[in-house]
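Here is my note on the model you asked me to look through. Keep the structure open beside you and find each residue as you read.

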Amino acid sequence: MLTAVLALTAIAIIFGLLLGFAAVRFKVEGDPLVDQIDAILPQTQCGQCGYPGCKPYATAIANNEADINRCPPGGETTIIALADLLGKDPIPLDAEVGEEKPKMVAIIDEETCIGCTLCIQACPVDAILGAAKQMHTIIEVECTGCELCVEPCPVDCIDMVPIKEDIFHWKWPYPEQTDEEAKL
Amino acid sequence: MIRQLFRFKGGIHPPQHKDRSTRSPIQAAWLPKQLILPLHQHIGESGEPIVAVGDHVLKGQKIARASGYVSASVHASSSGTITAIEELPIPHPSGLSASCIVIDTDGEDRWIEHGPEDIPYTEMDVSHLRNLIRTSGIVGLGGAGFPSSIKLNPAGSKIDTLILNGVECEPYITCDDMLMRERPENIIAGAKIMRHALNARQCLIAIEDNKPEAYTAMIEACKDEDIEVVQVPTLYPQGSEKQLIKVLTGKECPSNGLPFQIGIVVHNVGTAAAVHNAINLGEPLISRIVTVTGDGVAEPCNLEVLLGTPMQALLDQCGGLNSDVDRIIMGGPMMGFAMHSTEIPVIKTTNCILAATESNVTAPSDVMPCIRCGACADVCPVDLLPQQLQWYARSKEFERAQEHNLFDCIECGCCAYVCPSNIPLVHYYRYAKTEIWAQEREKEKADIARQRHEFRQSRIEREKAEKAARLAKKKAAVKKPADGEKDDKQAAIQAALDRAKAKKEAQGVEPKNIENMTPAQQKQIDDANARRQQTDTSEQES
């Protein structure tokens, strides 16, 4: 009887130490799930999901506080990828947060710009170049098309224009399907 | 000794239709009034224009330089004036426009001064030789258009075999066939230069057995050369690099790998002839042989065409289009794609212009559901599962498609050709490939955006912290010296007062206007004195 108790205690202590050691040795920094979700999100940082950026939305999804269908820039592709990652069923985009639009880029009408720097402060990815009372311009390759700069502009000189398609970015269209095929 | 040949898996035997365009010899195409030279005629970066609108250029003059390692220069194909550098439709499945240089020809077709280098290529530095080929704007003329100078750089690997590809397995196309029949010596001369650049042990020229005239001509031209001409049994898609390597050597190119990794380099016979022109004659790539054929054109033939010539001009020269033409295809019926207009120019990779009639084309309405017969898998030359790939592409499960080696697909079209349900399988693969590339680009962009956003976030935090620190420091700095200063000031004032008092006492100076004052004035003075007294005492107390 005593032997059994001692043996079990010894085993418990050994495993306890092992687990304790493992917890320290293999400690994971941060929540990998949040990072995995964040990696799928399009990083426009537009806030259309109702969270102040992609990372906070990723955190909310990881904590089961938000649905996976609140990202309009990511659209269907993002929803499918998130569903895949989290083992959920894909659901259509929440109409409340907006709709999937073609990729856009902001353009500043440099004639009208008064150099107020409000858009610079709004841009989440530092894609606007300018200084007080100097004309501002968008660094187009860095622009995520989040539209956050449009609202603060006091002279309404920022337009969102669809990105022009060229031969390097063109995609083959989805093949046409006949009715009979589509039934499958 | 007869070379042992191997066989790759799958493949098909589509009707050849080659004889119709081989009845007449290669003719020179008419000089068009206008040449449209796209800056992007090859795989890689577009060329960069080095001429301006209004410039007069001569035939063979470089008008755009290569803008990166994988890029190619463009030369004026005839003399004339640059009238525009603008976006115009180019041969591309999208029908989109891209930058082009437009030359209005002057009809003189005058060459720029040119000629071979003073020293023969055998005595040249190999990198100089490659550079000459690069500045001549030579790209693979078989259809893909990869800059040839890169494929002539073994980059440290030992090259055993140089294969010249004269297979031309796709139906209708005969430009390489006619080139081999009529100018075998040019091909041989180019092959020798390529072999020298690669330092290859052996050189093979592969020709399918449906081109006996070309085979005979090449055998004749190779009589005194250390080059082996190999006849291979006709089988589509044998002209594909990796399949041809398998047939000739039995070696298999690794998935995602390149032939030079197994010591083999494959070049098209047309490319070899272009290399001969560049090195032995000093002529850059400004023309190519184009097969104009199909049921829709009256007199099919092969034309030597100046690059930039609008396709309509070639169709006109071949007797015009018949009324039942459905579409104009660049390339062959298996791998080509439809042109959106006939004003699109011929580029370096235009091997064939096929005027297809309605009967040659599968309408989308003919498409039926997949019956899982497996015929596609039997003919796939790269051993993929076409049906499975199609399901994945169709349901947008791109990751699964990639797991099934979608990117090994060479888009040869065998699977779609044998499909009893007429499913446009290759279209699905092309769709999936471009979607995956787009997603990869998006991902790259998202990563940069994340990095920039995080950097901004941390910068704002840092600025806030710095500002707070600065403020605190300032506050502390303002407070401390203020105490000391106050004491100093007070002491100085006191000292001055004392000095004045002492002086006053010593001199006995009194204000001079204090006599004869009214009681009211006296009272005011007394009040003021009392107030002053009070402030003095209160200050001293504090």
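**Notes on the predicted model**

1. Let us begin with chain B as a whole. Of its 542 residues, 46% count as buried. Please remember throughout that this is a predicted model. Chain B holds 14 helices and 17 strands.

2. Next, look at the outline of chain B. Its C-alpha trace spans about 140 × 60 × 55 Å along the principal axes. The radius of gyration of chain B is 41 Å, whereas a compact globule of 542 residues would have a value near 24 Å.

3. Now for the charges. How many salt bridges does a search of the whole structure find over all chains? The search finds 34. A:Arg70 is buried because its relative accessible area, 18%, falls under 20%. A:Asp94, at 21% relative accessibility, counts as partly exposed.

4. The side chains of B:Arg459 and B:Glu463 meet with an N to O distance of 3.7 Å. Both residues lie in helix 13 (residues 425–507) of chain B, four residues apart, which is about one turn of the helix. B:Glu463 is partly exposed, with 41% relative accessibility.

5. Another pair to find in chain B is B:Glu220 and B:Lys223, whose side chains form a salt bridge of 2.9 Å, N to O. B:Lys223 is exposed, its relative accessible area being 57%.

6. Turn to the surface, and you will find a patch of negative charge where A:Asp109, A:Glu110, A:Glu111, A:Asp156 and A:Asp159 gather. Pick out A:Glu111 in the loop between strand 1 (104–108) and helix 5 (118–122) of chain A. Is A:Glu111 buried or exposed? With a relative accessible area of 77%, A:Glu111 is exposed.

7. A patch of positive charge is on the surface too, made by B:Lys501, B:Lys504, B:Arg531 and B:Arg532. Helix 13 and helix 14 (519–541) of chain B each supply at least two residues of this patch. B:Lys504, for example, is found in helix 13.

8. Finally, have a look at the backbone. Most peptide bonds are trans, and most residues other than glycine have a negative phi. The bond from B:Tyr236 to B:Pro237, however, is cis, with omega near 0°. B:Pro237 is placed in the loop between strand 11 (228–232) and helix 6 (241–249) of chain B.

9. A:Asp126 is not a glycine, yet has a positive phi of about 50°. A:Asp126 lies in the loop between helix 5 and strand 2 (128–129) of chain A, and is buried at 18% relative accessible area. B:Asn405, also not a glycine, has a positive phi near 60°. Look for B:Asn405 in the loop between helix 11 (398–403) and helix 12 (414–418) of chain B, where B:Asn405 counts as partly exposed at 37% relative accessibility.

Technical notes: Residues are numbered from 1 along each chain as its sequence is written. Chains are lettered from A and ligands numbered from 1 in the order in which they are written. This is a predicted model: local features need pLDDT of at least 70, side-chain atom pairs count only at pLDDT 80 or more; totals for chains, interfaces and linings use all residues. Side-chain values use heavy atoms; hydrogens and water are left out. Patches are made of residues with over 30% relative accessible area and no salt bridge: like charges are joined within 9 Å, nonpolar side chains (Val, Leu, Ile, Met, Phe, Trp, Tyr) within 5 Å. Accessible areas come from the Shrake-Rupley method with a 1.4 Å probe; for residues, only the protein chains shown count as cover. A salt bridge is a side-chain nitrogen of Lys or Arg within 4 Å of a carboxyl oxygen of Asp or Glu. Lys and Arg count as positive and Asp and Glu as negative; His and the chain ends are not counted. The place of a charge is taken as NZ of Lys, CZ of Arg, CG of Asp or CD of Glu. Buried means under 20% relative accessible area, exposed over 50%, partly exposed in between (1.4 Å probe, protein chains only). The radius of gyration is taken over C-alpha atoms; the globule rule is 2.2 Å times the number of residues to the power 0.38.
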